[in-house]
Amino acid sequence: MKGRKLACSISQCCCSNLMHNFQSFMDNLAGSNAAFSIGNIIEAGLSHRRKPGDWYGPSTMIQIFEQLNNKFSPFENLKVVAFAEGVVYTEVIEKKMSSNWCSLILLIGFRLGLDHINKEYFPAILRLMQHKNFVGISGGHGSGALYIVGYKDKNFVYLDPHTAQPAVPTVENLWAQHLSYHCRLPLFLEFSGMNTSFAAGRFGYNSKGFICGTRRSMKNLCATCRRRCAKLILSCRYTKRNPRYPWRM
């Protein structure tokens with residue numbers, strides 16, 4: 001299995017951090033207490049012309065996650081930068097991180113085809129999944145949303161967290177039910193079955209020892225991804241800034 005190593009032992013997690021992560025997605029808390037609640041996502045979706053009940057594609061969702069993280073800052077020293085159209089502007093990252101270089105989640109939206117992904121793209125996708133900072137792909141099959149964490153042979157390995165169950169009434173009840181929020185077994189999806197629209201994420205640690213702790217390490221990450229995209233035919237570009245086209249009347 002390729003991609004980031006999947007930690008299966010929940011008991012090794014720090015309980016306080018785990019509960020804080022769950023609390024950020026609760027639907028019966030207001031504002032910053034649950035930054036990524038359905039209510040906050042719907043409210044942010046209105047600025048993207050998405051009404052309650054509409055389908056939120058991967059590119060829309062990564063922009064909403066960046067928007068909510070900027071608004072509520074639910075995790076200390078964590079920045080989220082999203083690029084919905086497959087073009088990464090390093091100037092945007094540098095501007096956001098200029099005041100304090102901390103942990104960074106970089107989210108990139110892709111659209112690789114109309115009805116299906118051309119097989120020539122798969123070597124590039126798999127190569128990017130091998131990057132040590134890869135944190136997964138938000139994609140799907142049909143109308144189902146999946147979290148793809150790796151691959152094996154000619155199949156993607158994914159987690160499907162959609163388990164219908166009663167909402168947790170209080171934060172105190174989270175720990176009693178937390179095991180039901182995890183996927184116990186990985187599932188498999190053929191390469192050809194993935195939707196053409198998806199979003200990939202990469203994570204950079206802070207300056208205590210890993211990538212993206214400095215501008216230099218961030219540039220090294222972008223340079224590595226740029227080489228892989230160019231060599232393996234993937235519609236993703238890394239450039240300095242958004243081009244400013246002159247408008248003529």
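Guide: Start with a caution. Residues 205-211 have a pLDDT that stays under 50. Even so, the model gives that stretch 17 contacts beyond four places in sequence. Keep in mind that this is a predicted model. Its mean pLDDT is 77, and 71% of the residues reach 70 or more.

The protein has 249 residues, and buried residues make up 42% of them. It holds 7 helices and 9 strands. Take the contacts with a separation of 6 or more: residues 24 or more positions apart account for 66% of them.

Now the part itself. Strand S3 covers residues 103-111. Of these 9 residues, 7 are buried, so the strand is mostly covered. What does S3 pair with? Its partner is strand S1, residues 78-83. The two run parallel, joined by 6 bridges. Val 80 has Ile 105 as its bridge partner in S3. Val 81 has Leu 106. S1 is mostly covered as well, with 5 of its 6 residues buried.

Ala 84 is 27 residues from Arg 111 in sequence. In space, the C-alpha atoms of the two are 9.4 Å apart.

The loop between helix H3 and S1 contains Ser 73. Ser 73 is not a glycine, yet its phi is positive, about 45 degrees. Why remark on that? Most residues other than glycine have a negative phi.

Helix H3 itself spans residues 58-72. Helix H2, residues 38-45, packs against it: the axes come within 10 Å. They cross at roughly 110 degrees. Angles of 65 to 115 degrees count as roughly perpendicular, so H2 is roughly perpendicular to H3. From H2, the contact is made by Asn 40, Ile 41, Glu 43, Ala 44 and Gly 45. From H3, it is made by Met 61, Ile 64, Gln 67, Leu 68, Lys 71 and Phe 72. By class, this contact has 6 nonpolar, 3 polar and 2 charged residues.

H3 also holds Thr 60. Is Thr 60 buried or exposed? At 9% relative accessibility it is buried, because that is under 20%. Leaving aside residues up to four places away in sequence, Thr 60 touches His 48 and Arg 50.

Helix H5 spans residues 122-129. The helix is mostly covered, with 6 of its 8 residues buried. The buried ones are Phe 122, Ala 124, Ile 125, Leu 126, Leu 128 and Met 129.

Further along come strands S5 (144-152) and S6 (155-159). Asp 153 sits in the loop between them. It too has a positive phi without being a glycine, here about 55 degrees. Asp 153 counts as exposed because its relative accessibility, 62%, is over 50%.

Asn 155 is in S6. At 23% relative accessibility, Asn 155 counts as partly exposed, since it lies between the 20% and 50% cut-offs. Which residues does Asn 155 touch, not counting those up to four places away in sequence? They are Phe 188, Leu 189, Glu 190 and Phe 191. Gly 193 is 38 residues from Asn 155 in sequence. The C-alpha atoms of that pair are 9.1 Å apart.

Back to the strand you came for. S3 runs parallel to S1.

Terms used
Residues are numbered from 1 along each chain as its sequence is written. This is a predicted model: local features need pLDDT of at least 70, side-chain atom pairs count only at pLDDT 80 or more; totals for chains, interfaces and linings use all residues. Side-chain values use heavy atoms; hydrogens and water are left out. Buried means under 20% relative accessible area, exposed over 50%, partly exposed in between (1.4 Å probe, protein chains only). Helices (H or I, at least four residues) and strands (E, at least two) are DSSP runs, numbered from the N terminus. Two strands pair if DSSP finds at least two bridges between them. pLDDT is the predictor's confidence in each residue, from 0 to 100. Contact means heavy atoms within 4.5 Å. Axes are lines fitted to C-alpha atoms, for helices over the stretch in contact, and angles run from 0 to 180 degrees between N-to-C directions. Angles under 35 degrees count as roughly parallel, over 145 as roughly antiparallel, 65 to 115 as roughly perpendicular and the rest as oblique. Ala, Val, Leu, Ile, Met, Phe, Trp, Tyr, Cys and Pro count as nonpolar, Asp, Glu, Lys and Arg as charged, and the others, Gly among them, as polar.
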